[in-house]
Amino acid sequence: MKGRRKKEEGGSRQRVDPLRFLHSSFCLLTSLLCAEDTRFLPPPLRPDPAPVAIGLSSALALGVAPSFEVLPGGELNAHEHGIEFHPKALLGLGWDGNPQTAPHADGDAYTRLLAGADLRFIIGDRSRFELGGELEARRYADTAGRDHVGGGLTAVWNTRDDAWWWRGEAGALREDQPLAATANAVSRDEFRLALAGGREVRVFGASALVTATAVHYREDAPGFIAENQDRRTLAAETRIYAFAWSRSALGLRLGGGLTRYANDLANNGGQQLIASVWWRHQPGDRTWITTEIGASAWRWSDTTAGDPANSDAHVTEPLANIHLEWRPEEHSYLIVGVGSELGDGAQANAARILSATLSARLRLADRLGAALIGRWERRLDTGAQPGFARELRRNTAVTAGIDYELRDGWALRSLVGWEDSEADIGVSYSRPTATMEIAAAF
């Protein structure tokens with residue numbers, strides 16, 4: 001293909017979609033609904049070409065700048081390609097219509113600079129270890145107190161054979177994007193450890209996942225006391241599935257979790273149990289549908305604010321999700337999902353969440369594509385603070401963009417976005433954004 005480099009052993013290097021992140025940016029919580037097939041196997045150990053992701057994002061945020069994936073423009077290898085080193089950088093200019101997420105905050109321009117590197121080790125033909133780090137600085141032209149310095153570290157280990165696979169992951173992230181639960185833009189640190197493994201044979205498979213997370217908030221906000229919100233969670237789940245009739249699979253998911261707050265006087269810790277059944281079917285060569293139904297049950301140490309009128313020390317919530325995926329060609333797709341779940345409460349033990357997601361991309365030319373992502377959710381707290389009604393928050397986030405691959409190692413994108421968070425009690429705001437970014441990886 002014109003403008004493409006050749007691999008050392010022959011064959012053309014295929015172009016990497018710079019907005020591949022759109023497939024997973026706003027997926028529903030369960031990794032089942034984000035899987036591209038029924039097997040839950042990790043990605044190949046050595047994808048070719050292997051893109052470099054620039055920019056990390058958080059599951060806690062209402063709307064964030066998604067990762068930018070770029071095909072490396074250089075061959076910085078050693079030991080017969082067993083070690084790869086990829087420096088990376090991003091420069092962006094943008095406008096934030098509400099940098100403080102207050103009802104009447106003035107918009108402001110900002111610059112964003114990100115730099116880092118990825119290191120990859122290929123161990124034999126079955127194992128791979130990846131280490132990545134980046135530092136990000138964002139500076140506003142006129143808004144005092146909103147400049148931010150953050151970044152993250154990630155480490156991932158994959159190994160597999162013909163039937164078994166294992167994956168270990170560790171990560172740390174510092175960011176300050178508005179929270180989906182409260183809309184407060186507060187600086188925070190997030191830490192995550194995960195270990196997963198599974199086995200698949202001809203007609204059935206099984207997998208297990210254990211995850212530990214910690215969130216530490218670094219500043220207060222109106223109605224938000226940082227030391228009361230710091231928390232630790234531990235979760236585990238197992239999946240068992242079997243291939244049913246033609247192009248279908250049927251499975252069972254069982255899991256549980258623990259949540260603890262650093263200051264139990266303000267928030268209650270709890271335990272969770274979850275059970276669901278799912279069905280995934282491929283009606284056509286380029287179309288998939290996944291449905292899941294079950295229930296999530298939580299038991300907290302007390303009701304919200306210790307008020308018996310809340311009756312939310314024990315909460316059971318139906319779990320229902322449906323996910324539709326259509327891929328008419330290699331770099332074009334349409335993905336739609338709707339679902340219900342139990343998540344973080346703004347001023348209560350938890351919130352009942354209804355959500356709808358959209359992710360779409362259209363390949364306009366060989367190196368040019370247009371994309372759209374969106375999420376809407378309704379969050380109703382399970383309890384209320386004394387003297388107040390239960391918090392009800394409605395969040396809407398939409399991002400549209402165009403990406404262009406200048407050449408291997410260089411890519412350009414332009415994004416416009418709109419966030420709207422409306423609450424009955426807490427802070428409400430609208431936030432238009434626009435950015436122009438250029439990224440490089442070698």
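Helices and strands here are DSSP runs numbered from the N terminus, with helices being H or I of at least four residues and strands being E of at least two. What I am showing is a predicted model, in which local features need pLDDT of at least 70, side-chain atom pairs count only at pLDDT 80 or more, and totals for chains, interfaces and linings use all residues. Residues are numbered from 1 along each chain as its sequence is written, and side-chain values use heavy atoms, with hydrogens and water left out.

I'll start with the whole chain. It contains one helix and 21 strands. Of its 442 residues, 48% are buried, where buried means under 20% relative accessible area, exposed means over 50%, and partly exposed is in between, using a 1.4 Å probe and protein chains only. The chain exposes about 20900 Å², and carbon and sulfur atoms supply 60% of that; the areas come from the Shrake-Rupley method with a 1.4 Å probe, and for residues only the protein chains shown count as cover. A contact means heavy atoms within 4.5 Å. Among contacts with a separation of 6 or more, 59% are between residues 24 or more positions apart.

Now the strands. Two of them pair if DSSP finds at least two bridges between them. Strand β13, residues 270–284, pairs with strand β14, residues 287–300, in the antiparallel sense over 13 bridges. A hairpin through two residues joins β13 to β14, and Gln271 has Arg299 in β14 as its bridge partner. On to β15, residues 314–329: β14 runs antiparallel to β15, with 13 bridges joining them. There, Thr290 has His323 in β15 as its bridge partner.

Further along, strand β17, residues 351–363, and strand β18, residues 368–381, are antiparallel over 13 bridges. They form a hairpin with four residues between them, and Ala360 is opposite Leu372 in β18. β18 also pairs antiparallel with strand β19, residues 392–407, over 13 bridges; in that pairing Leu368 stands opposite Tyr404 of β19. As background, side chains in a regular strand alternate between the two faces of the sheet.

Is Ser332 buried or exposed? Ser332 counts as buried because its relative accessibility is 2%. Leaving out residues up to four places away in sequence, Ser332 touches Trp326, Arg327, Arg361, Leu362 and Arg363. Arg361 is 29 residues from Ser332 along the chain, and their C-alpha atoms are separated by 5.0 Å.

By class, the lining of the largest cavity has 16 nonpolar, 10 polar and 11 charged residues. Nonpolar covers Ala, Val, Leu, Ile, Met, Phe, Trp, Tyr, Cys and Pro, charged covers Asp, Glu, Lys and Arg, and the others, Gly among them, are polar.
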